[in-house]
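Hello,

Here is the structure I promised to pass on to you. Have a look at it first, and then read my notes below.

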Amino acid sequence: MNASPARKTWAVGDFMTGFIAKSRRLIGAGVLLASCSAATIAHAGGFAVREQSTTLLGVAFAGAAAGVDLSSAYWNPAAFSIARPGLSTQSSYTAIFADTELTGVPTAGGVPFAAPDSTNNDKIGVLSASNAAYRISDKVVFGVNINAPFGLATEADNEAYNGRFQGYAASMMTINVNPSASYEVMPGLSVGAGLQIEYMQLKLWQAAALGGAPPALVETNTSIKAEDDAAIGFTLGALWKPVAGTSVGVGFRSSMVHELEGKFNLPVLPSRIPTKAKLETPEILTVSLMQNLAPNMRVMGTFEWTNWSRVDVVTVPLGILGNGELDANWEDGYFVSGGLEYDVNNQFTLRGGVAWEKSPIREASQRLIVLPDTDRVWLSAGVSYRYSESTTLDLGYSHIFFEDGDVSRGTLRPSPLRYEGSVENSADIISLGMRTRW
């Protein structure tokens, strides 16, 4: 899909001169393109956000690390090696329309104390993702990704629903700046590495029982807001093209530790209580293949492993109320996808794909009220239009079929109150993108 860059002599001095002169401009371009990055509903496993590319959404993220285009560098920094001479950028703008319905009853000591009810806790999620690359020499490319790798935005349409003691709204926002570089070790083999700098903000809202016995509980609404300015991590990858028309990519995104600090708000107290929590994001390993079947047709595949077992029990100090525990005990997540691209002519490319994802949440006791995740199947389609020699416009769409799941959750603080119920999910995702050579 990408022409080979023109060759020229490379030296360390040329690299440093080009790096210093161009990196500020490159990062500035990436920041501008990613200016509307925001919290979103997480529709990868757990609270990860997979929707980092319009083109790859259209093939259900098959070939994600194989250097399909610049957006592959999110999964594999070595994918920046496909950049052509000069400055190239790519941006994606995505909307997620979810339909999540919870049905259940509250219990105390295992005994229901209210009639079953239902609520929808979905919101429209929006986010952007941007990539920019500058080829410094025939062997070296400097690039930057600006993304929201993790996110969550849920809110019950009825604050008084039966699961309010376990949570009625949640919001997680991340912004990740990932400068990286790729280097061609030998013809057909490039390696890449990068630094991740990530901001995270987390907000939780739920009801708290102050006293009394069901059904005459004395309750109030509580909230927690916490953030971490900068967690640090790294990315590594390799891109191998053993023969013309074949591309194999392997990418790794490291775990990051967020030391979240903020306030716990209990309206009956005169002031907010300082609180903190440590949250580790998972490592992600992605292996992808892209293979030409014909000059105008490509087949792609991806396997991904995510170390969600890092998300175990998160302790949250609540001042005079003692410690709360967000008990997850998740397991590792897996994702497998396959897709096909077809160039109709020099202007139009059609694509489609299917994927299956194993959620890190397998049991009713692992399923959070504000994140009732289950296994899912993706069906995707997309189209690209080459508007000019330097600009291509992209459109991608996916529908996600979730398995139904059960929910059995206690409260943040030790309590006999529980929520027993079930969840039904589905989602539609639409994304617009643009690729530009400057």
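**Salt bridges**

There are 17 salt bridges in the structure, a salt bridge being a side-chain nitrogen of Lys or Arg within 4 Å of a carboxyl oxygen of Asp or Glu. Before going on, please keep in mind that this is a predicted model, where local features need pLDDT of at least 70 and side-chain atom pairs count only at pLDDT 80 or more, while totals for chains, interfaces and linings use all residues. Residues are numbered from 1 along each chain as its sequence is written, and side-chain values use heavy atoms, with hydrogens and water left out.

One of the salt bridges joins arginine 50 to glutamate 304, with 2.9 Å between the closest N and O atoms. Arginine 50 sits in the loop between α1 (12–33) and α2 (54–57) and glutamate 304 in strand β14 (residues 297–306), so this pair ties together parts that are 254 residues apart in sequence. Helices (H or I, at least four residues) and strands (E, at least two) are DSSP runs, numbered from the N terminus. Both arginine 50 and glutamate 304 are buried; buried means under 20% relative accessible area, exposed over 50%, and partly exposed in between (1.4 Å probe, protein chains only).

Arginine 376 and aspartate 373 form another salt bridge, their closest N and O atoms being 2.3 Å apart. Arginine 376 is buried at a relative accessible area of 1%, and aspartate 373 is buried at 3%.

A further salt bridge brings together the side chains of arginine 435 and aspartate 394 (2.8 Å, N to O). Arginine 435 belongs to strand β22 (residues 417–437) and aspartate 394 to strand β20, so the pair ties together parts that are 41 residues apart in sequence. Arginine 435 counts as buried at 19% relative accessibility, and aspartate 394 is buried at 5%. Salt bridges that share partners also join Arg50, Glu304, Glu357, Asp373 and Arg376 into one network.

**Aromatic pairs**

The whole structure contains 14 aromatic pairs. Rings of Phe, Tyr and Trp (its six-membered ring) pair if their centres lie within 6.5 Å; planes under 30 degrees apart count as stacked, over 60 as edge-to-face and the rest as tilted. The rings of phenylalanine 150 and tryptophan 308 have centres 6.4 Å apart and planes at 80°, so they are an edge-to-face pair. This pair links distant parts of the chain, 158 residues apart: phenylalanine 150 is in the loop between β5 (140–147) and β6 (152–155), and tryptophan 308 in the loop between β14 and β15 (313–317). Phenylalanine 150 counts as buried at 4% relative accessibility, and so does tryptophan 308 at 2%. Elsewhere, ring pairs link Phe61, Tyr74, Trp75, Phe335 and Trp378 into a cluster.

**Two more places to look**

Alanine 132 is in strand β4 (residues 125–135) and is buried, with a relative accessible area of 0%. From alanine 132 to asparagine 145 is 13 residues in sequence and 6.7 Å in space, C-alpha to C-alpha.

Aspartate 404 is found in the loop between β20 (391–402) and β21 (405–410), and is exposed, with a relative accessible area of 56%.

Best wishes
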